[in-house]
Amino acid sequence: MNTSETPADLVAAEDVLLFVNAAITATGLREFRSDAVGQQLSLDFLHAYVRVNYRRVYASSLALDINDHNAARIVLGLLETAGEASAEERRTEGRLIAARLALLPPQRVYRLFGEVRRAGINNRRTRAIMRDWLAARPDLGHDAVKYRGGVKTAARHIHLRCPEGAGPLAEVGAFLFRPGKLPRYEHRLLDAWRRAHYEQGAVAELPFTVAEGFAARHGMKREVFLKRAAPRMTRLERLRTHSVTQRPETDLTVMPLTRLALYVLSLPFDQRAARRTELTGALRTAARRAAGGHAGSWGRVHAVLDDSFSSSGSGQKRRRPLAVALAGHHLLEALAAPGAYRGLWTSGRGDALLVRPWGPTPLGMRVLDALEPGPGGAAPDRLVIVSDGWDNAPAGLAGEVLRVWRKRLDPGRRTAVVHVNPVYDADGFDVRRLAAGVPTAGIRDAEDLPALVEIARFAEGRTGAAELHAYLDRRVALFLGEKETVS
């Protein structure tokens with residue numbers, strides 16, 4: 001750490017890490033130990049606090065692996081308070097906002113545009129950002145059918161010119177603001193929507209979420225509708241609609257790792273056991289893809305993985321913490337050197353595919369086991385703990401074990417220890433930590449683990465505000481540079 005830094009610099013670094021952890025993990029939804037209202041109030045305070053006191057950092061967070069909920073909130077906050085920024089800050093913020101909007105799911109962006117309109121944010125820069133995003137959409141006609149209310153709201157807010165006559169934009173304008181005026185549309189989906197009001201055959205041509213409403217209106221049998229709609233369904237739609245007695249007609253190996261883990265955990269135990277080869281192979285393939293160039297580079301890796309009852313999450317985030325642990329298990333196996341990985345579940349189970357949320361959280365006992373030397377008598381190069389941090393069997397043992405280990409047995413830090421936590425603690429405005437000397441980072445998707453390990457080192461107290469801001473500047477430059485390359 002830079003010894004010239006003042007206590008205020010250190011406090012600023014801690015505040016930044018606090019916000020980054022929250023922006024990665026919290027979504028304002030109910031967690032196992034806190035309700036949705038508490039989550040939202042806690043997030044409201046953090047966003048306002050960081051935006052007012054560290055506006056540059058607040059905007060820079062858009063370049064980090066934060067979740068979509070908080071990215072949208074940051075964009076709204078920056079647009080709503082543009083008068084508080086300098087001209088140079090507004091230019092940088094505009095580039096960051098445009099780059100982040102390009103990565104967000106379209107339904108999230110249209111929802112954000114609705115919030116912009118309700119907040120009365122209607123300056124020239126905001127309209128330009130919205131106009132540029134709409135212009136970059138690959139098929140505005142598709143959006144008009146699938147996200148009709150969102151497109152209509154955005155078009156009204158920016159005064160989008162939709163001339164009468166021929167042309168794609170003219171048809172979209174007629175579809176949104178003058179329905180029924182044109183006898184037919186040249187755009188395939190727009191015309192399918194028109195025909196679906198009286199023709200069952202046109203229903204299957206529409207996006208699945210739109211077609212469902214028309215299918216119900218026509219009284220179509222669910223099985224017949226799903227069979228006809230299958231070719232136009234996304235992978236996630238196939239997974240959501242297939243029966244547990246049937247395998248989805250989708251390639252599991254191309255799914256994102258954490259989403260795949262959520263799907264695996266949704267299956268009954270007998271299904272998991274019967275499809276062991278398929279499911280394990282898909283998880284390992286997704287993990288190798290997520291590891292990328294880091295695969296095999298972490299040396300000896302031991303992991304403590306939380307499958308206690310609290311990993312069941314909540315009704316709104318069902319089994320999410322356990323899914324992160326399962327995905328993390330396979331990702332860490334891919335990151336470790338061949339044959340140099342050891343994963344320990346808090347329940348003591350040895351079969352990762354059949355894990356379930358159960359029992360207390362004996363993190364301390366599992367940390368002791370994980371610090372035991374592996375084959376050849378060598379200590380692990382890395383110890384990774386994936387848990388919500390509620391060490392309760394007995395309480396506080398994990399923190400004490402790690403403190404003694406670091407102070408007495410490994411003062412030279414031969415073993416790098418990091419704790420990644422998938423659950424936001426609304427009362428503490430942060431993710432729960434095991435011990436003061438253990439670097440902790442919030443995590444939402446296991447795929448982000450390699451990047452989060454880099455962020456977590458700032459929480460050890462050995463680096464200060466200067467290093468943290470330099471890291472953020474590098475991430476912003478990379479984020480904007482990649483966006484410019486793509487365009």
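Where is Phe429 found? Phe429 is in the loop between β5 (424-425) and β6 (430-431); strands here are DSSP runs of E of at least two residues, helices are runs of H or I of at least four, and both are numbered from the N terminus. Phe429 is not a glycine, yet its phi is positive, about 55°.

Before I go on, this is a predicted model, in which local features need pLDDT of at least 70 and side-chain atom pairs count only at pLDDT 80 or more, while totals for chains, interfaces and linings use all residues. Residues are numbered from 1 along each chain as its sequence is written, and side-chain values use heavy atoms, with hydrogens and water left out.

Arg319 also has a positive phi, about 60°, without being a glycine. Its place is the loop between β1 (301-305) and α18 (320-335). In the loop between β3 (382-386) and α20 (397-409) we find Pro394. The peptide bond joining Ala393 and Pro394 is cis, with omega about -5°.

Now the helices. Two packed helices are described by the angle between their axes and the distance between the axes. Helix α12 (residues 208-218) and helix α13 (residues 222-229) have axes that come within 11 Å and cross at roughly 150°; the axes are lines fitted to C-alpha atoms over the stretch in contact, and angles run from 0 to 180 degrees between N-to-C directions. That makes the pair roughly antiparallel, the term for angles over 145 degrees. From α12, the contact (heavy atoms within 4.5 Å) involves Phe208, Ala211, Glu212 and Ala215, and from α13 it involves Arg222, Phe225, Leu226 and Ala229. By class, six of these residues are nonpolar, none polar and two charged; Ala, Val, Leu, Ile, Met, Phe, Trp, Tyr, Cys and Pro count as nonpolar, Asp, Glu, Lys and Arg as charged, and the others, Gly among them, as polar.

Next, His187, in the loop between α10 (168-177) and α11 (188-196). What does His187 contact, leaving aside neighbours within four places in sequence? The contacts are Asp139, Gly141, His142 and Glu171. His187 and Asp139 are 48 residues apart along the chain, with their C-alpha atoms separated by 9.9 Å.

Last, the largest cavity. Its lining is Asp306, Ser310, Ser311, Pro321, Ala325, Val386, Ser387, Asp388 and Pro422; a cavity is a set of points on a 1 Å grid over the protein atoms alone where a 1.4 Å probe fits but cannot get out, and lining residues have an atom within 4 Å of a point. That lining divides into four nonpolar, three polar and two charged residues.

How values were computed
Parallel < 35°, antiparallel > 145°, perpendicular 65-115°, else oblique. 1 Å grid on protein atoms, 1.4 Å probe; cavity = no way out; pocket = protein on both sides within 12 Å on 5 of 7 lines; lining within 4 Å.
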